[in-house]
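Hi,

Here is the structure I promised to pass on. Have a look at it first, and then read on for what turned up.

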Amino acid sequence: MATTVLFYAFAAILIVAALGVITSRNPVYAALFLVFAFIQSAVLWLLIEAEFLAIALVLVYVGAVMVLFLFVVMMLNISLEELRSGFTRYLPLGIGVALVVVIEIAHVIWFRSDGRPFVTPERNPVDYSNTKELGAVLYTEHVYAFEIAAMLLLLAIIAAITLTMRKREGLKVQDVPAQVAVRAEDRLRIVKVEPVKEQAG
């Protein structure tokens, strides 16, 4: 009973955080709401005894991916006025996509649970290791999907670096070949100064 109450409480907080992600006008606030949503999702993983997934969600997404998102958001000089002008224009499309995703999730839950979607999962035995079970499924049945996801993350990192290194006015760029080709004679001139001897008074 207590687990069910905690689940609905954290799930409600997660929904509020997700709404904050899509309704926040400031991209930095949206990213922070997303961090909060990831933490609530990790708590839900803990409630169903998936400790490895909860820790991986916090370490990978909150600790690495969201830091990368914040760096990209701060370096892109996003115009808030443009975001505000396009929010209402794409709102119907966003609502339609959200409804499709909700229907698909409900269909998967109903299909996997044999028509009983609100049944509390059974407790696992003491010697059960969700890390071992996850590895056995991930590297056998879903190995190709795992490799494709890794490639997509690599492409996302490359795209983020490419976006941040675009040419901007007033940006100082190093010319590495010119720096390597510099000779000491061009930058340094040694001047010999004759010593001055003090005359005895």
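In which hand does helix 1 pass helix 2? The crossing is left-handed, a term used if the near helix is turned anticlockwise from the far one by less than a right angle, with right-handed used if clockwise.

Before more detail, some ground rules. This is a predicted model, where local features need pLDDT of at least 70, side-chain atom pairs count only at pLDDT 80 or more, and totals for chains, interfaces and linings use all residues. Residues are numbered from 1 along each chain as its sequence is written, and side-chain values use heavy atoms, with hydrogens and water left out.

Back to that first pair of helices (DSSP runs of H or I, at least four residues, numbered from the N terminus). Helix 1 covers residues 2-23 and helix 2 covers residues 27-47; they pack at about 160° with axes 8 Å apart. The axes are lines fitted to C-alpha atoms over the stretch in contact, and angles run from 0 to 180 degrees between N-to-C directions. Helix 1 and helix 2 are therefore roughly antiparallel (over 145 degrees).

Including Phe38 and Trp45 from helix 2 and Glu51 and Tyr61 from helix 3, the contact divides into 19 nonpolar, one polar and one charged.

Now the rings. There are three aromatic pairs, counting rings of Phe, Tyr and Trp (its six-membered ring) with centres within 6.5 Å; planes under 30 degrees apart are stacked, over 60 edge-to-face and the rest tilted. One of them is Phe38 with Tyr61, tilted, at 5.2 Å centre to centre and 50° between the planes. That pair joins helix 2 to helix 3 (residues 51-75), 23 residues apart. Phe38 is buried at 17% relative accessible area, while Tyr61 is partly exposed at 37% (buried is under 20%, exposed over 50%, partly exposed in between, with a 1.4 Å probe and protein chains only). Tyr139 and Phe146 make an edge-to-face pair, 5.4 Å centre to centre with 70° between the planes. Tyr139 is exposed at 52%, and Phe146 is partly exposed at 32%.

Cheers

Note on methods. Helix = DSSP H or I, 4+ residues; strand = E, 2+ residues; numbered from the N terminus. Parallel < 35°, antiparallel > 145°, perpendicular 65-115°, else oblique. Contact = heavy atoms within 4.5 Å. Nonpolar A, V, L, I, M, F, W, Y, C, P; charged D, E, K, R; others polar.
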